[in-house]
Number of protein chains: 2
Amino acid sequence: MGKQKKFVEEITAMDVDFAQWYTDVVKKADLVDYGSVRGSMIIRPYGYAIWENIRDVLDGKIKETGHENVYMPLFIPESLLQKEKDHIEGFAPEVAWVTHGGEEQLHERLCVRPTSEILFCEHYANIIHSYRDLPKLYNQWSNVVRWEKTTRPFLRSLEFLWQEGHTCHADEQDAMEETLKMLDVYATVCEEFLAVPVLKGQKTEKEKFAGAVSTYTIESLMHDGKALQSGTSHYLGTGFAQSFGIQYSDQNGDLQHVHQTSWGITTRLIGAMIMVHGDDRGLVVPPRIAPTQVMIVPIAQHKEGVLDRAYELKEQLSGLARVDIDASDKMPGWKFNEYEMKGIPVRLEIGPKDIEKGNAVLARRDTGEKEIVSINELAERIPKLLVEIQNNLFIKAKEHCESKTSVAKNMEELKQALTDNPGFVKGMWCGSMACEEFIKEVTSATSRCIPFQQDHVADTCMCCGEKAEKLVFWAKAY
Amino acid sequence: MGKQKKFVEEITAMDVDFAQWYTDVVKKADLVDYGSVRGSMIIRPYGYAIWENIRDVLDGKIKETGHENVYMPLFIPESLLQKEKDHIEGFAPEVAWVTHGGEEQLHERLCVRPTSEILFCEHYANIIHSYRDLPKLYNQWSNVVRWEKTTRPFLRSLEFLWQEGHTCHADEQDAMEETLKMLDVYATVCEEFLAVPVLKGQKTEKEKFAGAVSTYTIESLMHDGKALQSGTSHYLGTGFAQSFGIQYSDQNGDLQHVHQTSWGITTRLIGAMIMVHGDDRGLVVPPRIAPTQVMIVPIAQHKEGVLDRAYELKEQLSGLARVDIDASDKMPGWKFNEYEMKGIPVRLEIGPKDIEKGNAVLARRDTGEKEIVSINELAERIPKLLVEIQNNLFIKAKEHCESKTSVAKNMEELKQALTDNPGFVKGMWCGSMACEEFIKEVTSATSRCIPFQQDHVADTCMCCGEKAEKLVFWAKAY
Ligand SMILES: [Zn+2]
Ligand SMILES: [Zn+2]
């Protein structure tokens, strides 16, 4: 029994306690450890390698679309933060304040950036003068701090890693194009790399970003039927530009305020990946962002030739996929469990009998299926298998999301749907914030977005029964 | 005159005021802008792109040598910081303190990391149990904060970007090997990529890192004859391990403390690059880390065919070098100055006459030399030219450093050398801290390091005249 326990790292079953399952997975798959500051996380090598892969993909797309990376300071003076009223109201309750530098008390408190609109605006006011300076397309990769009351690794933590894009444009049309273009980039990264299907749409007034004219979002649905806001892109209008005096002289020599956007995604995406693809055996990492795509596990490795052959295979396959080998003296059973827990897409088993027959065994993490492949055909089979796994994960997640999407015409149907089949609920909305608040109060579901792809599921508001034109996706959310 | 001024971005001459020259260059070459928090810097796109190139090179080498990236929290609770006495004494005067989160005062102050030994140690105590867990080779890329009184962009700022490696080993030998291996990696990056020659050696007791047993350093010499500490690597012994209880059971089942190392380089390297290679026309960026290696400037670009040909060239050369084009309607003279200021290694001029003859002009930034090259030969010539420039920069810097290195046998000779030929001074040292302090007091030169490559330039200490075995490099330093 003691021996058995070493092999099987037990985690709580998803259906028993999804929150505990999540916590177990992030710990047991070595993604995260906890430090001594409440709510902050240590991102361990495996978690960080996944983040590096997401970051590299997104950074490439950010640069391809003409953006440049910069780095802004960590601290924002309190007086500067006050300049944009809506923005400060939104963030003041959740910022950390530096009051002392070395032994001395500061004349003015400094806030640890919760986001950097204000720093970008101050800089833009310095460097933008003419229409020739536009557009300015900047992005930053950094840490930010939000003083959250309840925290969970990746989903909501005191400090997280992210990128924040901040751009200035000559007019609304150009800024709006940018806002939606970056939302599309986010959707592509989620769907094509994380295999996480997303719903694209606009946030309601109530849910929009503090200081924005309009906020656009990609929403994804987790295994437990809760939604996760996975990325947002904001059209800021000219509000910040007015507060900070960001003006340019146009072709006629007249001064104009710039139109701005901002957009960000965070380490939260790792949380989405875990909760969309994971299962009772642990993590499932989509091949395109997996630090290790194929783990070679030698069987009976003390037998002559096994290890040599295994290392040869690693060498041969290393140009085709990210391949690693576990040649430690742990039992194969332990290794199987360990790499299933870590969600490595493919396990390659090779033992004396396989070698004799010129074969190897490929086990897929997503379905658990095994196939016997001739060693000569591995180089052809593995890249294809990785594509199949990637596609299968996306299709499964998409089907899950669709099967968890209901329609409700009134409050009764909404409550029913949230109980019977927790997930997205499509319902018409009259546009009033009162209805939105009432729905949240009664069901704890919030408006996730007004999807771009509209559908007319009823004529009247789900809540008040008034005439309604807008379809909203509702859900309980992280 | 007004028009002329637009073309020539004037900077202070190096020989007139080197400090002002430096400030002019970082601003005029668009590396940095200042924000509203004293001493913090905005790293602009061009400066950040140079940092990304340095980071990518170093990150590759850190991974090749078996290290894994992680991310530790930004904040360190005060009580945790107290655990290692020497360390806290060294850093307490220069840390920023967070005292409030949102509206509430914290029970315990949090320090914004000035370095992360303590966070790594706390984590290592959790995850290291057996000799099988060793070595642990972690690295982090992050921002850190030090509350400096006087600041200068890249050289000394309130916040800077860096990497910090933190490793645990079974014994001293293994840890010491790591310490010196990473010092060699730093030296390679500096010499082969930044073209900055370095002197490798050990810091004296006085100059070593707070909490280290021994500190190793690479020192480089700036154009003005001042030294810059460009990277350090520390053997920490078992001091931190004892304070934090980082123990492993060895092969016999006995508990042992781990031996640790830490090592870091920062955005300061950009300062080194500026002050080693720059000249009165501005920045000079070594090709291997230059975001743009070749800037195409079309001449008389309104003439038929010029722009088409210029874009064709950009296309053709883009696989061989990082090539950009400035097809804006600014005058060629303005562009020449601008890209000289930015230190772009090669300018490619192409105009109607060149096209007629099938030629283009290549102008090197380092020497100012121009050569006429047949368009058909550009693809062959440019990569070679970039190598020549890279090598020339290193040789010039090496010669400069050698010509600025003197020998002194006593205090008079030391003072004379520092006045007549500011730079490194080689002088023997008895090993007493009193002599080191006296030398600093009298000359403001500090011991830069005890170089690995020793030389016996005298029998007695430069300061006290006692018997001396150790050669030390002395210099005024940044
Ligand atoms: Zn309504
Ligand atoms: Zn002496």
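## A salt bridge between the chains

A salt bridge is a side-chain nitrogen of Lys or Arg within 4 Å of a carboxyl oxygen of Asp or Glu. In this predicted model, Arg132(B) and Asp329(A) form such a pair, with their closest N and O atoms 3.1 Å apart. Between chain B and chain A the count of salt bridges is 6.

## The interface of chain A and chain B

Chain B brings 56 residues to the contact and chain A brings 57 residues. About 4,500 Å² is buried between the two chains, and carbon and sulfur atoms give 56% of that area. Of the area that chain B buries against chain A, 14% is supplied by Pro45(B), Tyr71(B) and Trp147(B), more than by any other three residues.

Polar contacts also cross the interface: 26 residue pairs are found, with both residues at pLDDT 80 or more. On the side of chain B that touches chain A, strand 5 (residues 96–101) of chain B gives the largest share, 6 residues. By residue type, this side of chain B divides into 29 nonpolar, 16 charged and 11 polar.

## Strand pairing across the chains

Strand 5 (residues 96–101) of chain A is joined to strand 5 of chain B by 5 bridges, and the two strands run antiparallel. Within this pairing, Val98(A) has Val98(B) as its bridge partner. Strands of a sheet pair through backbone hydrogen bonds, either parallel or antiparallel.

## Overall form of chain A

Chain A holds 15 helices and 23 strands. Its C-alpha atoms fill a box of roughly 80 × 55 × 50 Å along the principal axes. The radius of gyration of chain A is 25 Å, which agrees with the value near 23 Å for a compact globule, because that is what the rule gives for 478 residues.

## Sheet and hairpin in chain A

An open sheet in chain A has 11 strands with mixed pairing, in the order 3-7-8-14-11-10-9-22-23-21-20. Strand 3 (68–69) and strand 20 (405–407) of chain A are its edge strands, and each pairs on one side only. Inside the order, strand 10 (residues 214–221) and strand 11 (residues 227–237) of chain A pair in the antiparallel sense over 8 bridges. One of the residues involved is Ile218(A), with Gly231(A) in strand 11 of chain A as its bridge partner.

Another antiparallel pair in chain A is formed by strand 18 (residues 359–364) and strand 19 (residues 370–374), over 5 bridges. Here Ala360(A) has Val373(A) as its bridge partner in strand 19 of chain A. Strand 18 and strand 19 of chain A form a hairpin with 5 residues between them. In the turn, Gly368(A) has a positive phi of about 80°.

## Backbone exceptions

Most residues other than glycine have a negative phi, and most peptide bonds are trans. Asp30(A) has a phi near 60°, a positive value in a residue other than glycine. Asp30(A) sits in the loop between helix 2 (18–28) and strand 1 (32–34) of chain A.

In chain A, the peptide bond from Leu134(A) to Pro135(A) is cis, with omega near -10°. The loop that holds Pro135(A) runs between helix 6 (117–127) and strand 7 (136–145) of chain A. In chain B, the bond from Leu134(B) to Pro135(B) is cis, with omega near -10°. Pro135(B) lies in the loop between helix 6 (117–127) and strand 7 (136–145) of chain B.

Note on methods
Residues are numbered from 1 along each chain as its sequence is written. Chains are lettered from A and ligands numbered from 1 in the order in which they are written. This is a predicted model: local features need pLDDT of at least 70, side-chain atom pairs count only at pLDDT 80 or more; totals for chains, interfaces and linings use all residues. Side-chain values use heavy atoms; hydrogens and water are left out. Contact means heavy atoms within 4.5 Å. Buried area is the accessible area (1.4 Å probe) that two parts lose on being put together, summed over both. A polar contact is a pair of N or O atoms within 3.5 Å; within protein, one must be able to donate a hydrogen and the other to accept it, and residues adjacent in sequence count only if both atoms are side-chain atoms. Helices (H or I, at least four residues) and strands (E, at least two) are DSSP runs, numbered from the N terminus. Ala, Val, Leu, Ile, Met, Phe, Trp, Tyr, Cys and Pro count as nonpolar, Asp, Glu, Lys and Arg as charged, and the others, Gly among them, as polar. Two strands pair if DSSP finds at least two bridges between them. The radius of gyration is taken over C-alpha atoms; the globule rule is 2.2 Å times the number of residues to the power 0.38.
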